[in-house]
Amino acid sequence: MATVTNLKSPVNKWKCGAAPITSMMTVKRWSRGAATSQIGKPAVHMASVDLKGKAYELLRQNSSSFMMEDIYRNPGPLQFEGSGADTKPISLCVEDQDYMGRIKKLQEYLEKVKSIVKPGCSQDVLKAAVSAMASVTEMLTIMSSLSFSGQATI
């Protein structure tokens, strides 16, 4: 089975791979009776749906309109040019929305830090804030330099 990851990135950043289908399989055993031997049948491991995920939540919220209206997006085979070139599956778009939600959450945290750490705050609060921000800044600088040099993927 072929696999492709980093689908939200430009095509030249995609990572292609493969996995033998047999590695995703198991043998389920059933007995036909108490005195008979078990029968083995190959089966693909079950994959569960994240019922708390954004994509499932979107499906659940819109399920009635999906049944009654032609609301679908199927970009079909990969398009590199033309009207379908920028079309992404809805599940990837929902992940992008979650990304922006996390950016907003970060901005809320930063605003909260600004409201707490200001002239007149205690020395302990200031010391903790400077230490934490120095650590976060150092870590993010290292991570961003690795991702820009192609040594790490996001």
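How much of the chain do buried residues make up? Buried residues come to 5% of the 154 residues in the chain, where buried means under 20% relative accessible area, exposed means over 50%, and partly exposed lies in between (1.4 Å probe, protein chains only).

**What you're looking at**

This is a predicted model, where local features need pLDDT of at least 70 and side-chain atom pairs count only at pLDDT 80 or more, while totals for chains, interfaces and linings use all residues. Residues are numbered from 1 along each chain as its sequence is written, and side-chain values use heavy atoms, with hydrogens and water left out.

**Overall layout**

The chain has three helices and four strands. Reading from the N terminus, the order is β-β-β-β-α-α-α. Here helices (H or I, at least four residues) and strands (E, at least two) are DSSP runs, numbered from the N terminus.

As for contacts (heavy atoms within 4.5 Å), look at those in the chain with a separation of 6 or more: 19% of them are between residues 24 or more positions apart. The chain's accessible surface is about 13400 Å², and carbon and sulfur atoms hold 59% of that. Accessible areas come from the Shrake-Rupley method with a 1.4 Å probe, and for residues only the protein chains shown count as cover.

**Two salt bridges**

Searching the whole structure turns up two salt bridges, each being a side-chain nitrogen of Lys or Arg within 4 Å of a carboxyl oxygen of Asp or Glu. Glu57 is partly exposed, at 27% relative accessibility.

The other joins the side chains of Glu111 and Lys114, at 3.6 Å from N to O. Again the spacing is three residues, this time in helix 2 (residues 90-116), so Glu111 and Lys114 are about one helical turn apart. Glu111 is partly exposed at 48% relative accessible area, whereas Lys114 is exposed at 55%.

**A nonpolar patch**

Val49, Leu51, Tyr56 and Leu59 make up a nonpolar patch on the surface, together showing about 370 Å² of accessible area. Patches are built from residues with over 30% relative accessible area and no salt bridge; like charges are joined within 9 Å, and nonpolar side chains (Val, Leu, Ile, Met, Phe, Trp, Tyr) within 5 Å.

Leu59 belongs to helix 1 (residues 54-68). With a relative accessible area of 43%, Leu59 is partly exposed.
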